[in-house]
Amino acid sequence: QVQLMESGGGLVQPGGSLRLSCEASRSIFAFNAMDWYRQAPGKERELVAAIIRGGRINYADSVKGRFTISRDNAKNTVYLQMNSLKPEDTAVYYCHYNAKVWGVSSYADYWGQGTQVTVSS
């Protein structure tokens with residue numbers, strides 16, 4: 001089993017920045033996608049940013065130019081750098097891997113526990 005441990009959420013003023021981290025408890029052998037989702041109160045969970053196998057990166061239109069997703073293979077960690085934050089970015093942010101770990105023959109979906117990001121003055 002793989003656990004994804006998120007950190008970096010908190011309260012920030014509009015225009016501020018935060019960096020979220022998502023570390024896997026085991027080494028990733030291969031992946032189809034590593035991404036960040038968010039869910040605001042009363043809304044459906046939405047994809048924010050994704051790294052797709054082969055290196056392609058996708059962003060939701062609402063965060064393009066403000067958020068950057070990246071990964072550190074050596075640390076089994078994916079990051080989400082969030083700049084120019086707006087109140088509408090307030091949500092619980094979840095990391096997600098569709099990946100294969102050493103010792104497991106198939107791909108599986110893994111989710112973090114979620115971290116709260118609140119943008120407010």
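**Aromatic pairs and ring contacts**

At 53% relative accessibility, tryptophan 102 counts as exposed, where exposed means over 50% relative accessible area, buried under 20% and partly exposed in between (1.4 Å probe, protein chains only). This is a predicted model, in which local features need pLDDT of at least 70 and side-chain atom pairs count only at pLDDT 80 or more, while totals for chains, interfaces and linings use all residues. Residues are numbered from 1 along each chain as its sequence is written, and side-chain values use heavy atoms, with hydrogens and water left out.

**Aromatic pairs**

- The structure holds two aromatic pairs, a pair being rings of Phe, Tyr and Trp (its six-membered ring) with centres within 6.5 Å, counted as stacked if the planes are under 30 degrees apart, edge-to-face if over 60 and tilted for the rest.
- The rings of phenylalanine 29 and tryptophan 102 have centres 4.4 Å apart and planes at 70°, so this pair is edge-to-face.
- Phenylalanine 29 lies in strand S4 (residues 28–39) and tryptophan 102 in the loop between strand S9 (91–101) and strand S10 (108–111), so the pair ties together parts 73 residues apart in sequence; strands (E, at least two residues) are DSSP runs, numbered from the N terminus.
- Phenylalanine 29 is partly exposed, at 43% relative accessibility.
- For tyrosine 37 and tryptophan 111, the ring centres are 5.2 Å apart and the planes are at 55°, so the pair is tilted.
- This pair links distant parts of the chain, with tyrosine 37 in strand S4 and tryptophan 111 in strand S10, 74 residues apart.

**Charge over rings**

- Arginine 45 lies over the face of tyrosine 94, at 3.8 Å from the ring centre, under the criterion that NZ of Lys or CZ of Arg is within 6 Å of the ring centre and within 35 degrees of the ring normal.
- Arginine 45 also lies over the face of tryptophan 111, at 4.9 Å from the ring centre.

Notes: Helix = DSSP H or I, 4+ residues; strand = E, 2+ residues; numbered from the N terminus.
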